[in-house]
Amino acid sequence: MRPDISVIVPVYNTEKYIEKCARSLFSQTFDSIEYCFIDDCSDDNSISLVQNVLKEFPNRRAACKFIRNETNRGVASSRNAGLAIAEGKYIYFCDSDDYIDETMLEKMFLKAKSSLADVVLCDFYFSYSDAKEYYSAIKWSEDKVASLKSYMVSPWTVLWNMLVRRDIYEKNKIGFIDGCGFCEDFNVAVKVLFVADKVVNIDEALYYYNQLNPMSAIKSYNEKSFRDEQCVYLDVIDWLKSRNAYSDFSQELCWRILKILQLLVLKSRYAEFLSFYPEVRFYIWSCPYLNVKLKIMMWSLFHHLGFVARFMIALRNIRLSVVEFIKK
């Protein structure tokens, strides 16, 4: 029988945390679940630990699928591999270093069924070693454009607090950009929420976002992360333009681009800043992510007043040097 929910779990070297994740998944109060573990060539004991936990839940064994990528391909490819084998009516993505409330999938599924929703969102916790902090998901309204605009500028545009009808992915050919390992969830989440006819909330925190993993993507932001994020935003822009919807969200997307482009300004990579997506110049002064100094520098660069930006950067570097000298 076709399961109601497919849980897709990309796995790569999370042996310190994956037992808790697996136990929370296998302990669910909901029965009609299949589990798709996609091993992205882990070189630790992650998958062995999942299989050991599974021995405690013999009733879940037949519902588990284990796939190992031929080469390390990144989280996006792993998620695509999970989508390719998933058979459930609904799709749920879980990160292998996090964990969920034992009632999460039952509550999400029942909410989806009772409200005839395509997508269900829940709140979540930041989970620390000795504490947890509550975070609320964006509250969806009947005004899809307004809701999605709010979602785009929110700090947590993730998939792990979202249950989605599987045919949303299939009918709209929504998937992940291979090789893109940062902000890939924003790309897919925006597309899913745009095409969904009905999105509802559960005002309860059911997901625990682990804050203890120093190797998580958000804590290891680097040049590749920066390039991935650029790729994601351009892809979303092209996708919305193909549906004649970009104008509704141009401000929010340009704000997000400006947020990451500040790195280029601060590193004096001015030519790269100016050439990436010039339309952002119309949104500099309204961007909520930038301080006044950065806005002045960006505006100056776009108006051929680069000496202003260079002078401000020089002052910034002097100030930082003084601070470092005092610390010593």
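Reply: Set aside the neighbours within four places in sequence, and Ala245 touches Phe194 and Leu240 (contact means heavy atoms within 4.5 Å). Before going on: this is a predicted model, where local features need pLDDT of at least 70 and side-chain atom pairs need 80 or more, while totals for chains, interfaces and linings use all residues. Numbering starts from 1 along each chain as its sequence is written, and side-chain values use heavy atoms, without hydrogens or water.

Back to our spot. Phe194 sits 51 residues from Ala245 in sequence, yet their C-alphas are 9.6 Å apart. With a relative accessibility of 5%, Ala245 counts as buried (under 20% relative accessible area, 1.4 Å probe, protein chains only). You'll find Ala245 in the loop joining α8 and α9 (helices are DSSP runs of H or I, at least four residues; strands are E, at least two).

α8 covers residues 223–241 and α9 residues 246–266, and they pack at about 165 degrees with axes 11 Å apart (axes are fitted to C-alphas over the stretch in contact; angles run 0 to 180 degrees between N-to-C directions). That makes the pair roughly antiparallel, the word for anything over 145 degrees. On the α8 side the contact includes Tyr233, Ile237 and Leu240, and on the α9 side Tyr246, Phe249 and Leu253 are among the residues involved.

How values were computed
Angles under 35 degrees count as roughly parallel, over 145 as roughly antiparallel, 65 to 115 as roughly perpendicular and the rest as oblique. Buried means under 20% relative accessible area, exposed over 50%, partly exposed in between (1.4 Å probe, protein chains only).
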